[in-house]
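Please walk through this model with attention to its confidence, one of its helices and its charged pairs. The sequence and structure come first.

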Amino acid sequence: MSPQTSTLAPEETVITTNPLTNQSTLSYKDAGVDIEAGNNLVDAIKPLAASTNRPGVASGLGGFGALFDLKAAGYSDPILVTGTDGVGTKLMLAIAMDKHDTIGIDLVAMCANDLIVQGAEPLLFLDYFATGKLDVDAGRAIVSGIAEGCRRSGCALIGGETAEMPGMYSDGDYDLAGFCVGAVERDDILTGKDVSEGDVVLGLASDGIHSNGYSLLRKIVERSALDYDDSAPFDPDRTLGQVFLEPTRVYIESCLATIKSGGVHALAHITGGGLTENIPRVLPENLAVELDTAAWSIRPEFKWLATTGNVSPDEMVRTFNCGIGMVVVVDAARCDQATQILKDHGETVFEIGHVVKRQADTNPVYIANLAQPWQN
């Protein structure tokens with residue numbers, strides 16, 4: 001004999017008795033997991049996922065697995081490129097400000113921008129959203145941002161996982177992770193092997209902090225004695241929270257167009273590790289780059305962080321993007337063409353340096369005038 005059940009609506013609290021034990025029965029909802037809320041969220045986000053459809057999508061949201069047809073997407077000899085990432089402690093700002101509709105853009109951008117550096121077009125995206133107690137409105141806002149990030153990246157939101165785990169997260173807390181799959185024709189993969197002495201290094205402007213360095217950022221804000229809802233000292237039209245929640249810029253469309261035009265030898269997404277640790281990842285061991293901070297505009301939020309936190313210039317450029325979200329290494333003969341294509345696709349482009357031979361026992365990234373631009 002099974003325990004007694006109730007015909008009341010799922011949201012009503014009901015205590016029943018097991019006739020075998022004369023004890024109160026428990027449901028999954030009593031343990032803190034609301035299956036009905038999860039179903040409601042799935043229904044709410046189906047139109048958002050549908051808005052990201054693209055050629056190659058071969059299944060809808062809600063199945064056990066998602067299907068994608070590479071041939072229908074236009075590939076003949078594709079290599080798959082994958083990436084997974086999160087948005088770090090930037091989530092804490094979104095939670096503190098109760099603003100959840102842009103953090104999903106960050107999630108997609110962090111993954112998709114990592115694929116483009118190998119020449120891959122992002123095709124599909126899956127998200128993982130975990131929380132202690134599911135709030136359907138907050139969940140929908142989060143996924144709306146993910147869908148917007150997918151639209152900006154040209155990839156389809158093809159599936160994901162929503163996990164309600166009471167006891168794992170405090171009320172209102174949640175975590176996000178993303179997984180992106182892209183493809184590139186075998187002969188078009190960017191590996192950095194073609195980078196040569198004399199290549200020009202172009203920097204594409206960031207939209208702000210993006211999604212790295214937020215543990216240090218939060219410490220600096222604490223030192224400043226300002227709150228996130230206070231006006232930013234360097235931007236009185238916005239609060240600190242608004243500035244620091246500005247989503248990560250998506251560079252997919254502009255970089256794909258530039259790659260197709262020819263002459264691009266490497267790309268570097270400037271994420272954790274900043275300029276000094278990400279650029280070497282795409283350089284041959286015998287080469288280095290020389291950059292000059294005088295060649296681009298250091299955004300005011302970075303200057304404020306440096307002065308308020310008394311952060312050294314070396315620490316700034318290995319923690320934050322410092323105004324450069326993507327680096328493009330291009331053949332010098334194609335530099336003007338690449339610059340124009342990038343500008344035509346909405347990028348602000350700076351010629352920030354060039355590739356040189358690397359001397360023994362020297363750093364692969366040298367930055368001139370590093371001490372100059374940090375004062376407000």
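Helices here are DSSP runs of H or I with at least four residues, numbered from the N terminus. This is a predicted model, and by that scheme the protein chain has 11 helices and 14 strands. Its mean pLDDT is 89, with 86% of the residues at 70 or more. Residues 1–15 stay under 50 in pLDDT, and the model gives them 14 contacts beyond four places in sequence. Where pLDDT is low, the predicted coordinates should not be read in detail.

Of the 376 residues in the protein chain, 49% are buried. Among contacts with a separation of 6 or more, 82% join residues 24 or more positions apart. The chain exposes about 17,900 Å², and carbon and sulfur atoms supply 47% of that area.

Helix α4 can be followed from one end to the other. At its start, a side-chain oxygen of D135 comes to within 3.0 Å of the backbone nitrogen of D137. Just after α4, G154 has a positive phi of about 80°.

The charged pairs come next. The whole structure holds 13 salt bridges. One of them links the side chains of R54 and E121, at 2.9 Å from N to O. R54 sits in the loop between α1 (35–50) and β3 (78–85), whereas E121 belongs to strand β4 (residues 121–131), so this pair ties together parts that are 67 residues apart in sequence. R54 is buried, because its relative accessible area of 14% falls under the 20% limit.

E246 and R238 form another salt bridge, with their closest N and O atoms 3.2 Å apart. Both partners are partly exposed: E246 has a relative accessible area of 28%, and R238 has 24%.

E347 and R249 also meet through their side chains, 2.9 Å from N to O. E347 is in the loop between α11 (335–344) and β13 (349–357), and R249 is in the loop between α6 (240–244) and α7 (252–261); the pair therefore ties together parts that are 98 residues apart in sequence. E347 counts as buried, at 6% relative accessibility. Elsewhere, salt bridges with shared partners join E148, R151 and R152 into one network.

Methods. Residues are numbered from 1 along each chain as its sequence is written. Side-chain values use heavy atoms; hydrogens and water are left out. pLDDT is the predictor's confidence in each residue, from 0 to 100. Contact means heavy atoms within 4.5 Å. Helices (H or I, at least four residues) and strands (E, at least two) are DSSP runs, numbered from the N terminus. Buried means under 20% relative accessible area, exposed over 50%, partly exposed in between (1.4 Å probe, protein chains only). Accessible areas come from the Shrake-Rupley method with a 1.4 Å probe; for residues, only the protein chains shown count as cover. A polar contact is a pair of N or O atoms within 3.5 Å; within protein, one must be able to donate a hydrogen and the other to accept it, and residues adjacent in sequence count only if both atoms are side-chain atoms. A salt bridge is a side-chain nitrogen of Lys or Arg within 4 Å of a carboxyl oxygen of Asp or Glu.
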